[in-house]
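Dear colleague,

I am handing over the structure below, and my notes on what was found in it follow. Please read them with the structure open beside you.

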Amino acid sequence: MHIPPIVALFLTVAFVVFLYRRDIRERPNVTGALWIPLIWFLIITSRAVSEWLNLFGLHVGGVTMEEGSPLDAGVYFLLIAGGLYVLHQRQASLSEIIRNNQWLTIFLLYCLVSIVWSDFPFVAFKRWFKVLGHPIMSLIILTEPDPEEALSRLMKRCAYVIVPVSILFIKYYPELGRGFDQWTGGAVNTGITTNKNALGGDCLILGFFFFWYLLQTWRRERSMTRRNELLLTGGFLLAIWWLLFMAHSSTSLVSLFVSMVMVAILGWRFVDKRFIGKYLIIGVLALLAAEWAFGIYAHAIQLLGKDSTLTDRTLLWSELLKVKINPLFGTGFESFWLGERFRKFAESRWWQPNQAHNGYLETYLNLGLVGLILLIGLLIATFWKSRRELLRNFEFGRFRLGFLMAVIAYNWTEAAFKNISVIWFVFCLIALDYSQPESDSFQSMEEIPPEENKELACAEDEIDAR
């Protein structure tokens with residue numbers, strides 16, 4: 001059934017208002033400060049403020065590769081300043097943040113230092129300052145009275161806008177929700193975002209969250225509230241699956257599958273959470289053996305409808321590795337795709353690449369081997385944090401570990417460790433630790449059955465002993 005676009009717009013707005021009113025009436029244990037990271041999240045999962053205004057005919061000046069938009073810079077600055085004010089009011093301890101997150105701190109400080117040898121130091125500093133917004137917004141969530149509830153509300157409130165508006169744009173406003181692929185020139189669906197990969201990234205994050213949330217809701221005691229939550233969660237999962245299908249983003253699809261498998265495996269009772277690292281090593285070795293024996297990588301690529309070059313990505317990688325840069329320190333934070341280097345690749349390829357389409361190669365180009373090693377150290381540190389969290393608060397622990405696997409997989413064909421990438425933001429959410437008072441912790445030991453309580457306590461003692 002086809003309805004007029006204006007009617008579809010009215011129904012979508014009414015649906016979004018209904019969802020937000022329902023959410024607020026539930027009186028969740030979150031503060032009003034959560035709106036700051038929510039606005040941040042909504043912007044980076046959709047379009048910049050200047051792009052929204054230009055879309056509706058309110059032109060606010062040109063946007064360049066080097067300088068960006070002054071309006072957007074002002075919006076990000078206000079959100080970051082508001083976030084810092086909230087953390088100051090909550091008396092968040094900087095020394096504790098640094099002590100609990102040493103690898104992330106070192107990585108960000110190295111990014112700041114690398115600005116010194118950038119050809120565009122002012123541009124690099126502005127980009128670094130924007131990236132600093134990710135941990136600031138994450139800390140607002142982690143310092144909420146109930147951080148897990150704050151995380152759930154953040155994800156749901158974002159989905160209440162991103163998902164229905166994306167469907168509206170694709171089905172009824174194609175001039176807003178469709179475009180052309182920079183790789184093939186074919187028609188693509190972008191939804192509320194600016195390109196299909198961005199829409200795929202949104203679907204990856206929100207799809208993973210609702211899958212994780214569904215598993216939690218399913219185990220609740222039967223009630224009207226549980227039934228309503230299951231219906232809402234199931235409906236959003238179906239809508240996100242449709243959007244992911246329309247986006248044709250293979251990277252997001254594979255990454256979502258990897259994260260869901262990890263979450264499901266961690267829920268099996270016979271899986272010993274203390275040995276999850278060994279299980280992963282065995283899994284990687286098994287994949288390597290299968291690749292050597294059966295060539296499963298080529299079959300997987302064909303199954304996804306890709307060619308052996310991953311739509312020319314591997315050709316781009318080989319050319320990027322030939323560019324003369326300082327191999328130890330790179331070109332400086334977020335500086336490779338600026339100036340003459342960008343123009344060179346823009347002239348050689350009609351789709352004008354502005355990233356390496358590989359997060360690890362992108363890090364090497366900008367920060368060199370030193371930055372790449374620090375990034376790998378950060379990923380490993382995040383894994384160990386997630387492993388320990390499995391024994392303290394199982395549900396949030398498998399959220400962290402599941403999304404970490406998605407991040408590692410996603411960055412094989414997309415560069416997400418950069419700028420205001422939505423994947424980078426959620427990664428900061430799982431990479432950061434901030435100790436809460438005992439009464440505000442995610443899950444007290446008393447909430448765990450006595451036999452599991454004893455087992456987990458022994459497991460934690462074993463880890464500490466190591």
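Helices (H or I, at least four residues) and strands (E, at least two) are DSSP runs, numbered from the N terminus. This is a predicted model, in which local features need pLDDT of at least 70 and side-chain atom pairs count only at pLDDT 80 or more, while totals for chains, interfaces and linings use all residues. Residues are numbered from 1 along each chain as its sequence is written, and side-chain values use heavy atoms, with hydrogens and water left out.

The largest share of the lining of the largest cavity, 4 residues, comes from helix 18. A cavity here is a set of points, on a 1 Å grid over the protein atoms alone, where a 1.4 Å probe fits but cannot get out, and lining residues have an atom within 4 Å of a point.

Turning to charged pairs, a salt bridge is a side-chain nitrogen of Lys or Arg within 4 Å of a carboxyl oxygen of Asp or Glu, and by this rule the count comes to 17. Arg-22 meets Glu-26 in one of them, at 3.4 Å from N to O, and Arg-22 also pairs with Glu-229 at 2.8 Å. The pair of Glu-229, in helix 12 (residues 224–247), and Arg-22, in helix 1, links distant parts of the chain, 207 residues apart.

A further salt bridge joins Arg-157 and Asp-23 at 2.8 Å, N to O. Because Arg-157 lies in helix 9 (residues 147–172) and Asp-23 in helix 1, this pair ties together parts that are 134 residues apart in sequence.

With regards
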